[in-house]
Amino acid sequence: KEARFYLVMKYISGGDLASRLRSATEGRLEEEIVTEWAVQIADVLDYLHSRQPPIVYRDLKPSNIMIDGNSGRVMLIDFGIARWVNKEEKGVTAVGTMGYAPPELFSGNVEPRSDIYSLGSTMFHLLTGADPQSNPLLIFDFQKHPRP
């Protein structure tokens, strides 16, 4: 008989930041709460990046960040493209979301600071309502959008 494998994930009762942003009255979220979430995300990234070898999440964006309805804490979801950093590996597949992914990700260079760039793009989107994915170029141009 054929073996089957199952992936079991914790259920998070809450919503993602993309849906929070869509339902925001002014099309953007308050600086105080975005800052609180960003600090929590930075803590998670610090944990991932301090593993040996470091783990790079690679797809940080509002739809991959959940707010737990019970605790109000931030939780990252969808670790499907997260990878350990391997300095010897060349030609790593460039996977990420346009606008949120840093330039080096598209040349196959994955490193922990790539997640920091994505956190900045995510915060910028939440604070301004300007979606980095709407930029036709691969790289989000912070200068062409409203200041947070």
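Tutor: The model is predicted, so local features need pLDDT of at least 70 and side-chain atom pairs count only at pLDDT 80 or more, whereas totals for chains, interfaces and linings use all residues. Residues are numbered from 1 along each chain as its sequence is written, and side-chain values use heavy atoms, with hydrogens and water left out.

Student: How do you know that the length of helix 2 agrees with its number of residues?

Tutor: The expected span is 1.5 Å times one less than the number of residues. Helix 2 has 19 residues and should therefore span 27 Å; its end C-alpha atoms are 26 Å apart, which agrees. For helix 4 (residues 112–128), 17 residues should span 24 Å, and the end C-alpha atoms lie 25 Å apart, so the values agree here too. Just after helix 4, Gly129 takes a positive phi of about 80°.

Student: Why is Trp37 called buried?

Tutor: Relative accessible area decides the matter: under 20% is buried, over 50% exposed and in between partly exposed, with a 1.4 Å probe and protein chains only. Trp37 has 4% relative accessibility and therefore counts as buried. Trp37 lies in helix 2, where Val34, Ala38, Gln40, Ile41, Leu45, Leu48 and His49 are also among the buried residues. In the protein chain, buried residues make up 40% of the 148 residues.

Student: What does Trp37 touch, and what makes it a contact?

Tutor: Contact means heavy atoms within 4.5 Å. Not counting residues up to four places away in sequence, Trp37 touches Leu17, Arg20, Leu29, Ile67, Gly72 and Val74. Trp37 and Arg73 are 36 residues apart in sequence, with C-alpha atoms 7.8 Å apart. The buried residues of helix 2 pack against helix 1 (17–22), strand 2, strand 3, strand 4 (74–76) and helix 4. Over the protein chain, 59% of the contacts between residues at least 6 apart in sequence join residues at least 24 apart.

Student: Are Lys61 and Arg58 buried or exposed, and why?

Tutor: Lys61 has 16% relative accessibility and so counts as buried; Arg58, at 4%, therefore counts as buried as well. Lys61 lies in the loop between strand 2 and strand 3 (65–68), and Arg58 is found in that loop too. Leaving aside neighbours within four places in sequence, Lys61 is in contact with Thr97, Tyr100 and Thr122. Phi of Arg58 is near 75°, a positive value in a residue other than glycine.

Student: What makes the peptide bond between Gln52 and Pro53 cis?

Tutor: Omega is about 0° for the cis peptide bond joining Gln52 and Pro53. Pro53 sits in the loop between helix 2 and strand 2.

Student: Why is one space called a cavity and another a pocket?

Tutor: On a 1 Å grid over the protein atoms alone, a cavity is a set of points where a 1.4 Å probe fits but cannot get out; a pocket is an open set with protein on both sides within 12 Å along at least five of seven lines, and lining residues have an atom within 4 Å of a point. The largest cavity has a volume of about 40 Å³, and helix 2 (31–49) and helix 4 each supply at least two residues of its lining. The second largest pocket holds about 180 Å³ of space.

Note on methods:
Points joined across faces, edges and corners; volume = space filled by probe spheres on them. Helix = DSSP H or I, 4+ residues; strand = E, 2+ residues; numbered from the N terminus.
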